[in-house]
Every structure is written in structure tokens, then in C-alpha cells.
Amino acid sequence: MMKTIHIAASIAASIAAAAGIGICETRAAEKRQPNVILIMTDDQGYGEISAHGNPVLKTPNLDTLHGESVRLTDFHVDPTCSPTRAALMTGRYSTRTGVWHTINGRSMLRPDELTLAELFRANGYDTAMIGKWHMGDNFPCRPQDQGFAHTVWHLGGGIGNGPDFWGNDYYDDTYLVNGKREKFEGYCTDVWFREAASYVERNKDKPFFLYLAPNAPHGPYFVPDRYSAPYIAAGLPETMAKFYGMIANIDENMGSFRAHLAKLGLAENTLLIFMTDNGTTAGWIDQGAGYEYFNAGMRGWKSSAWDGGHRVPCFWHWPAGKLEGGRDVPQLTAHIDVLPTLADLLGLEKPDGPAIDGVSLKANLLGGDAALPERTIFAHVQRAFLPPKWENSVAMNRKWRLIDGKELYDIAADPGQKKDIAAAHPEVAQRLRADYETWWASLKPAMDHTVRYVLGGEENPMTLASHDWLMPGVEQAAWHQNQIKRGDPIKGPWAVDVKQAGTYAITLRLWPDYLEKAMHVTEARLAVAGVEETIAVKPEATAASFRVTLPAGPTMLETTLIRADGKQSGAYFARIELTGDAAKE
């Protein structure tokens, strides 16, 4: 299903007027739609900003932004990476979008979703995505397929994941720039911010939407020594010192980036949003020796249904729009509210798309007295082929948190969620259970709809990676380069949709093609769309190649490579190319 985009004539006219010939630059800037920059870091918890009370970590630039912004102080996301990103991009609960896991074919954003990028692009904005995407590496799920005109990103869920360029280690890495590999110099976070600075400078004379998503401070915890050294000197364990050092590096880049915006004259009329994608990671590790980690009084961490897993910082700063001054918005809010809020706040025409779950926070951000509607917000951790009901879930409103449908906490009286009071308030628990039941029933159709990569379409040839194997059991796909290096004997199919019937060349590999590394495989098997073939393979071969005729339509593509030592696995990489149109053969 393709998306329908309608561009309102009035929007186009207002943008043209803002850049009109004969209007002085100052007046044009005043009339022009604001730029929007959304920055989301990876695995940085609410407590990992010194303005939130952290006694060890120093984040002076984030503290400055905190002091100048309108802050959503009870703001929630999903407890893991991909689901948060999908909900943020669409204003819809992530499960509706096909995203509820971070691997196993369940982190791929449905192509008929309306994204923030498509919203802004329909309203005359230039759009860019820089950093971590983690919602599908192939057509039609890539950022360039979802509304972003300029893209600089790494594949998979992190640097070092299986689909990522091999040899990437956070330093001098190779990333994809508008679909082509490009090698960069420097530390990854520095590269992302440097690319962002270059983008805004190139586009300073027109409105733009920039989604800047660093992969830090997600592990592995690599950072230049000068950032971790102060924390090692302070007596922190090495892992914690490096984790804090990664955040210190982000903070330094935030300061430089904001200074760059000011130098370009963009700071006043740029809406800058800062947030993170889930609760802390390294922060919860038991460090021993009496070390007590600061988590802003919350219980839990990433992948947890407790508040520490999904309550994160969220700052909105836009001087020209009166979003400044260090004000708090204490109402319960969530990632699903960002898209409808931006549309309302900036007067954007919303193209056709699925129904939105979030609400506009415009009045609250602007300091109005309008109360948000009474509502229950949900989050869950669903690392499974199909989401298990109730497991690792929270149903929440301003006062209450219901965990796994069983435990009830008064978050106002007990922010650390230490005392379960479900027995004392059965009517509250039952009401939240009923809300969850309604919500769960509304998700069921999405769970029955598998997102598929499209063969023979806009990305031809296409290289699939085992990160996206659709795994129906509890076993994980081979999602990381270390699993591939070990030769883990697992396999799974890719969910694909053959767009065009015809002849396809399908090449199977254990290693990326650019490594030209022998597989030591004796036999290769392919099963797709009713076609099953087996071929012998020379041990020194770097690939096993098939040529098959496929009908159009959805199917599963499964591979098996039998190695010289007798072990079997799927092909960790498969290159598929439409070479002949069935209608012409």
C-alpha cells in the first residue's frame, strides 16, 4: 500500500512568501516556518544529566539546554530502541507499525505509516536523518523510503551489528550516505554532529527537519580516553567511566552544535528537541564496592516495565515560539505525542495516514491551563516472534502504574515503585487492566501482518542480512558480527515480497561480499516461493549462486549452508537481483 501525500496550496504559498524576493532577510526569517531539529541519544537514562541531580556526571551543555527549555518531566517512551523510534516517527504505538522487537524481522517499519519526515516534506521542508535508524535496512523500510531526502547512517541496531560495515569500531568508520558507502574520519558521535552541522549550513536558507540520532552511549563502550579519564580518576569502575565519557562527549558536541546554529543565525527560529530512547543501560550494572548508581530515584533500566526503563528526558527549545525559560510540564506525556504536537504547534497540514494514538501538547508547551484528556498510556517489552500478553508491560496514568497486570504502584507517593498496593486498590487495578485489554485488542491486527522487504523493486540488487531473519521460536537471529564470526549454527527465513515476477540471481554468503572470504562450505540450499534447489560448493568459494524464476507475491526466503565440518547455518547474507522480466521471457 502506498502512502498518499497532499500538499496544501496555502502551505506552499506561505513558504514561497517567506523566501520571497524583495523581503529583507530579517522579515523573511520571521515569516519562515521554523527549522526543527530532533536529537535522540541511545540508552541515556533520565538520571544521566547533571541537571537531573546526577552527583558525578558533568553535562554543562545539556544543563544549559535544560535551563532554557520547556521540559516534559513525566515523558515516556518504549523500553527498547526500535519500538521507541517507530512510535516517535509515527505518533502511533510501535506494535501497530510492525515494530516491537529490535531484531528477528520485528524491527522493520511498515511502509504505509506516515512518518515525521513525510509530514514535514509534505509541508515544504527539506528532511535529513543522521545516525541510527534501526527500523529496517532494506526497501521499503530505509530512511530514504520513509521521507528523508538526505541520509547518513549505519545499518542494523548498532555499530558492529551484522549488517553494519565490517571493521566499524566507532573510529574512522564507513557509513551509508544517500545509499552509497563513505568512509569518515573521527569518533562516531563527532561524525554525526559534524554531518549535522554541515547539513544545517547547506540548508540555512530554507526550512528543514533534521533527525539526529547518535548511537552513543549504547555499548560497546568505546570513547576517546580524555572523556572517560575524569570518571576513572573519580573512582568509577571502568565500564561506568566509559559510559559517562560517551555522554560527556555527546554533551560537548551539543554545545558546539548549538554554537554553530547561533553563528548561522538559526538559533532563534529553530525548534530544538532533545530526548533519549529508553532508560539507562550501563547505569544499572552492579558495580560492587558499595557503588550506588544514580537513577533519579527510579526503579529499573532499559528493557524494564518500571519507570526507569521508559521515563526519559525531553526538552523543547524554540525562542521565537516562546518555548524557553526553564518551565516544566508535569503532565503524563509520551513519544506518541511528538508528531501530533509538531503538526499542531507549527500549523502543518497532515497528509493521509493511519490514525494517531498521541495527542497535541501545544497548549501545555505554551504554558496554557488546558488539561490533557484523561488517558492511560502503555509500554511493553516484546522480544518475541509474537508479543506475549501482559509480559513486561505497564499501563499508566498520572498517578498509577500497573505492572504486568498484577502489581500496582502510586507513582506520586512511591516514585521508586517499592510497595505494591494492588490489594488495597482493586478498583484501580481492574480499571487499568480493562484499559490494557482494550488496547491489546486494538493491536491484534498489526501482529498478524508481517512487514516484508520487497524484491525486484526500487532497491535492486538488494543484500539481506541475518539480523532480519523472521524467527518464530525463542532463538535469536544472527544479529551481531560476533555471532557470524563464530559461525553460530542457526538459520531463519527472510519475509519478502516479490514485486515483479521474473528471473532472480540469488547469491548466498557467510561473509559480506567486500571481504571476499572463503566460506568452507560444501553444499548450499535455497527455498523460496515453492522453489527448492541444492548445489555443490567448492570449499574455497566465497559465495553460492542460484538463478531461479519467481512469481510475484509474498513469500519466505530460506537458506542453508553445509560446512566442511558438518555444521549448518543459514546464509548470513543474501544478495537478490531481478535480472529478467517474466513478461518478456
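Mentor: The confidence score pLDDT is the predictor's own confidence in each residue, on a scale from 0 to 100. This is a predicted model, in which local features need pLDDT of at least 70 and side-chain atom pairs count only at pLDDT 80 or more, while totals for chains, interfaces and linings use all residues. Residues are numbered from 1 along each chain as its sequence is written, and side-chain values use heavy atoms, with hydrogens and water left out. The mean pLDDT of the chain is 92, and 92% of its residues reach 70 or more. Over residues 1-30, however, pLDDT stays under 50, and for this stretch the model has 30 contacts (heavy atoms within 4.5 Å) beyond four places in sequence. Where pLDDT is low, the predicted coordinates should not be read in detail.

With that caution in place, the chain can be described as having 13 helices and 24 strands, where helices (H or I, at least four residues) and strands (E, at least two) are DSSP runs numbered from the N terminus. Its radius of gyration, taken over C-alpha atoms, is 24 Å, close to the 25 Å that the globule rule (2.2 Å times the number of residues to the power 0.38) gives for 585 residues, so the chain is as compact as a globular protein of that length.

Now to the sheet of 10 strands, which is open, has mixed pairing and runs in the order β6-β5-β4-β3-β7-β1-β8-β9-β2-β10; two strands count as paired if DSSP finds at least two bridges between them. Because β6 (180-183) and β10 (327-334) stand at the edges with a single partner strand each, one side of each is left without a neighbour in the sheet. Neighbouring strands here are turned by 20° against each other on average, direction ignored, with axes being lines fitted to C-alpha atoms (for helices over the stretch in contact) and angles running from 0 to 180 degrees between N-to-C directions. Within this sheet, β2 (residues 70-76) pairs with β9 (residues 314-317) in the antiparallel sense over 2 bridges, and Val70 stands opposite Trp316 in β9.

Helix α10 (residues 338-346) lies across β1 (35-41), β2, β8, β9 and β10, running at about 10° to β9, whereas helix α3 (residues 60-68) lies across β2, β8 (270-276) and β9 at about 65° to β9. In α3, Leu62, Leu65 and His66 are buried, meaning under 20% relative accessible area with a 1.4 Å probe and protein chains only, where over 50% is exposed and anything in between partly exposed. These three cover an arc of only 105° around the axis, which puts them on the same side of α3, the arc being that of the directions from the helix axis to the C-beta atoms. What covers them includes β2, α8 (238-263), β8 and β9.

Another open sheet has 4 strands in the order β11-β12-β13-β14, with antiparallel pairing. Here β11 (377-380) and β14 stand at the edges, each with a single partner strand, so one side of each is left without a neighbour in the sheet. Helix α12 (residues 426-447) packs on this sheet, touching β11, β12 (393-396), β13 and β14, and its direction makes about 70° with that of β11. Strands β13 (residues 400-403) and β14 (residues 407-410) pair over 4 bridges, with Ile403 opposite Glu407 and Arg401 opposite Tyr409. In their hairpin, which has 3 residues between the strands, Asp404 takes a positive phi near 55°.
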